[in-house]
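I opened this entry to record what I looked up in the structure, in the order in which I consulted it.

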Amino acid sequence: TFRSYPYKKKKLTFWVSLNAVDWLWLGTMNASGSVAVDRHFSVNAEARVNPWTFNSDDPSKQMQDRRQTYSAGFRWWPWYVYSGWWAGLSAQYEEYSRGGIVSRSTEEGDACGAVLAGGYSLMLHRNLNFEFGAAFWTGRTDYTTYACPKCGRITSSGTKWFILPSSVMASLVWVF
């Protein structure tokens with residue numbers, strides 16, 4: 001067999017992964033982990049951090065997508081955990097400051113909500129998977145918008161509801 005599954009082994013099975021797409025998006029550091037709790041379910045947690053500001057010496061060219069994002073949830077695997085298709089649901093919190101990428105305006109705030117995700121985990125080796133997928137989240141943010149990254153002139157603030165892409169995944173997964 002390719003791999004013995006947790007419900008047969010009576011052993012705790014878990015994985016850790018790194019998402020290459022996040023690393024390519026302005027150097028967002030990330031890690032996630034999961035524990036199999038049943039033949040078809042796993043619980044997972046993820047953290048993403050991006051502390052970088054680019055071109056900070058030139059306010060007309062400054063850009064950033066600084067954030068710290070934390071999420072926890074579960075995945076349902078129709079076949080077996082850590083192999084094949086999966087669908088997931090999680091709660092997510094993010095503190096962010098982004099601007100200068102599409103326009104000069106910058107938005108800062110705190111957002112929280114629910115994430116719906118789906119994807120596929122391809123087994124490459126007994127302990128190595130390649131996983132790809134996408135996630136969308138909806139929730140509420142308390143925000144402040146500034147005219148530019150450094151000027152400090154507030155153009156709006158308040159609370160708003162949103163539906164946004166949360167992540168695109170292309171991850172290497174190590175299964176223990």
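A salt bridge is a side-chain nitrogen of Lys or Arg within 4 Å of a carboxyl oxygen of Asp or Glu. Accessible areas come from the Shrake-Rupley method with a 1.4 Å probe, and for residues only the protein chains shown count as cover.

I noted that this is a predicted model, in which local features need pLDDT of at least 70 and side-chain atom pairs count only at pLDDT 80 or more, while totals for chains, interfaces and linings use all residues. Residues are numbered from 1 along each chain as its sequence is written, and side-chain values use heavy atoms, with hydrogens and water left out.

**Surface patch**

I looked up the nonpolar surface patch and found about 660 Å², made by Val37, Phe41, Val43, Phe74, Trp76, Leu89 and Leu116. The elements giving two or more residues to this patch are β3 (41-50) and β5 (63-76); such strands (E, at least two residues) and helices (H or I, at least four) are DSSP runs numbered from the N terminus. Valine 37 lies in the loop between β2 (29-36) and β3. Valine 37 counts as exposed because its relative accessibility is 54%, given that exposed means over 50%, buried under 20% and partly exposed in between.

I then examined β2, whose covered face holds Asn30, Ser32, Ser34 and Ala36, and whose uncovered face holds Met29, Ala31, Gly33 and Val35. In a regular strand the side chains alternate between the two faces of the sheet.

Two strands pair if DSSP finds at least two bridges between them. β1 (residues 14-19) and β2 run antiparallel, joined by four bridges; serine 17 has serine 32 of β2 as its bridge partner. β2 and β3 also run antiparallel, with eight bridges, and serine 34 is partnered with asparagine 44 in β3. I recorded β2 and β3 as a hairpin with four residues between them.

**Positive phi values**

Which non-glycine residue has a positive phi of about 55 degrees? I found leucine 26, located in the loop between α2 (20-24) and β2. Leucine 26 counts as buried because its relative accessibility is 17%.

I also noted tyrosine 82, not a glycine, with a positive phi near 65 degrees. Tyrosine 82 sits in the loop between β5 and β6 (84-99) and, at 1% relative accessibility, counts as buried.

How values were computed: Patch = residues over 30% accessible without salt bridge, like charges linked within 9 Å, V, L, I, M, F, W, Y side chains within 5 Å. Buried < 20%, exposed > 50% of the residue type's maximum accessible area, 1.4 Å probe, protein only.
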